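My notebook is open and I want to look this one up piece by piece. Let me load it and jot down what I find.

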Amino acid sequence: METISLNDDLMAPNVISDPHGYYRTLREAEPIHWNARWGGWVLTGYNEVVEVLRDSLNFSSDRMGFLAQELTQEEQESIAPIFKILSYWMVFRDPPEHTALRMLLNKHFTPIAIERYRPMVRKIVQKTLDKVLAKGKIDFVKDFAYEVPMTVILELIGAPDLDTEKIKEWSEKLGVFFFIKADEPRRREIACEGINALVDYITPLIEQKRERPGIDLISLLLSAEEAGSITANDVLATCVLLVFGGHETTMNLIANGTMAFINHPDQWDKFQQKPELLKKAVEELLRYDGSVKSTVRWAKEDTQVGNTLIKKGDRLLVSLSGANRDPHQFTDPNGLDIERNPNLHVAFAHGIHVCLGASLARMEVEEAFAGLISRIQCPELVEGAQLEYYPSVVHRAIKELPVYIKPLIK
Amino acid sequence: MENIKVSVDLNKCVGSQLCIMFSPTVFERDGNGQSKIVNRNGANLAEILSTAEQCPQCAIKVENTQTGEVLFPPPELAF
Ligand code: HEM
Ligand code: SF4
């Protein structure tokens, strides 16, 4: 008999290349597993994941608060620039502070509010398709998936002329902080460099908007600051969060979705025959290989989850990808089915922190795939291409996706 | 509000609690951390419609039971 040993190295090469296989092994053995190496619980069952995410009373998102408890004074000072910004990110705050910011911003990210950006996104998609069709052989990540999300988020904050290359570079540096990447000794310094550069770049923009307000999100945040409902720290931190969180995840989803179709050409064919499945198809891409694999919570009290007692202070790695392939919730969870319905996946999390940008990301990804299926054949991997994913516990991110793009012959 | 029906689709609700934040007199958390209607008359129609718009999942449906008209969500948003 084969013995299954539960590998606790969340960064092991096979876990990075095939997270779904790893989470499946965990889920089948222990949907709530104590990972001794990381020093926390890893949740891979749908019910357990949903229970924790919907319970913000017992499970905190206060990442910086809990981190401060673990670090010495000296260590804390070494990452002061990170504390200064990330402590104000709504994604890392609990109610009631979270509530005010979320209610303020949510109005501008509703499914209806986002529709006004659709024509703009459609145009960018068409322009990008012209370019990649002319090339024929492309890196799908850099040449296609990257274009839309970055342009849109800059438009939203009212700064279309910012240097996207620089923002991408700094965001990647800051991202090192989240990678739980123990083998990078300079990870804290790199992340500080990233955040300092982002702050230096965005601060003058905020000052500009203070003098000459527009109808953009920065101006909206500033008027809330004037009204006293949020602080100047909230304004700066939220701008950094939107720029940081607003492009990479969406780019990765477009790439992961395309990879899913490359492996399931029958679903691509069906999609081309039934383009009206667009919304359902995007939900399925989110479930099948979403771009955020996991998030973290901290127990505020002793709390029972499933059969397990989680102790106050324990941390939990909540595996969204694990939950999204749980056979108790989804029939044939490892199959791609663009007609799946219902499809209550957790790719944007559940509960009060459910992705603020969900409707925006959905609309962008809808437009990207509507454009793709209307103009090209299912992309083909370049022969001998070795797919590599960034070593991250959080992001599911392909480094490069070399493909051939051929026009659809109608 | 006689002819207005408000409902939450539990196959879509992700328990964001946004409807509860915006209209606490109408919506409440159920035992699974999703939303349920506690008092359909807890707010006027305009407020209920604007709260329904806040739902990231378009899980809140507002209907006129007399005419059968769906006041929210519009068909192009439903997924
Ligand atoms: C496919 C693309 C995306 C995915 C998979 C994704 C995923 C997520 C997830 C899982 C969370 C919850 C984190 C947690 O609970 O700990 C989240 C929160 C958040 N996301 Fe996204 N996201 C995407 C796109 C975006 C975009 C385009 C924006 C920018 C507008 C954005 C802004 C945010 C913000 C501000 C939060 C914090 C919300 C809160 O705390 O209330 N996301 N996202
Ligand atoms: S706003 Fe929508 S998703 Fe959030 S709790 Fe209410 S019904 Fe559920």
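**A bridge in chain A**

I started with one pairing: Glu380(A) has Tyr404(A) in E10(A) as its bridge partner. A reminder to myself: this is a predicted model.

Next I asked how many bridges join E9(A) to strand E10 of chain A. I found two, and the strands run antiparallel. Strand E10 covers residues 402–404.

Then I checked what sheet they belong to. It is an open sheet of three strands in chain A, in the order E4-E10-E9, with antiparallel pairing. Which strands sit at the edges? I noted strand E4 (137–139) and strand E9 (380–381) of chain A, since each pairs on one side only.

**The rest of chain A**

I counted elements next: chain A has 20 helices and ten strands. I wanted to know how its overall size fits its length. A compact globule with 410 residues would have a radius of gyration near 22 Å, and chain A has 21 Å, so the two agree. The box that holds its C-alpha atoms is roughly 70 × 65 × 40 Å along the principal axes.

I also looked up burial, and 57% of the 410 residues in chain A are buried. For contacts with a separation of 6 or more in chain A, 71% come from residues 24 or more positions apart.

**The iron in ligand 1**

Which protein residue gives the iron atom of ligand 1 a donor? I found a single one, Cys355(A), through its SG atom at 2.2 Å. I traced Cys355(A) to the loop of chain A between helix H19 (320–323) and helix H20 (358–375).

**Over to chain B**

I listed two helices and five strands in chain B. Read from the N terminus, they go β-α-β-β-α-β-β. The radius of gyration of chain B is 12 Å, close to the 12 Å from the globule rule for 79 residues, so chain B is as compact as a globular protein of that length.

I wrote down its C-alpha box too: roughly 35 × 25 × 20 Å along the principal axes. Buried residues are 48% of the 79 in chain B. Among chain B contacts with a separation of 6 or more, 49% are between residues 24 or more positions apart.

**Around ligand 2**

The residues around it include Cys13(B), Gly15(B), Cys19(B), Ser35(B), Cys55(B) and Ile60(B). How many of the shell residues are nonpolar, polar or charged? I got seven nonpolar, four polar and no charged residues.

How values were computed
Residues numbered from 1 in each chain as written. Chains lettered and ligands numbered in written order. Predicted model: local features only at pLDDT ≥ 70, side-chain atom pairs only at ≥ 80, totals over all residues. Heavy atoms only, no water. Donors = N, O, S within 2.8 Å, 3.2 Å for Na, K, Ca; no water. Helix = DSSP H or I, 4+ residues; strand = E, 2+ residues; numbered from the N terminus. Near = heavy atom within 4 Å. Nonpolar A, V, L, I, M, F, W, Y, C, P; charged D, E, K, R; others polar. Pairing = 2+ DSSP bridges. Rg over C-alpha atoms; globule rule 2.2 N^0.38 Å. Buried < 20%, exposed > 50% of the residue type's maximum accessible area, 1.4 Å probe, protein only. Contact = heavy atoms within 4.5 Å.
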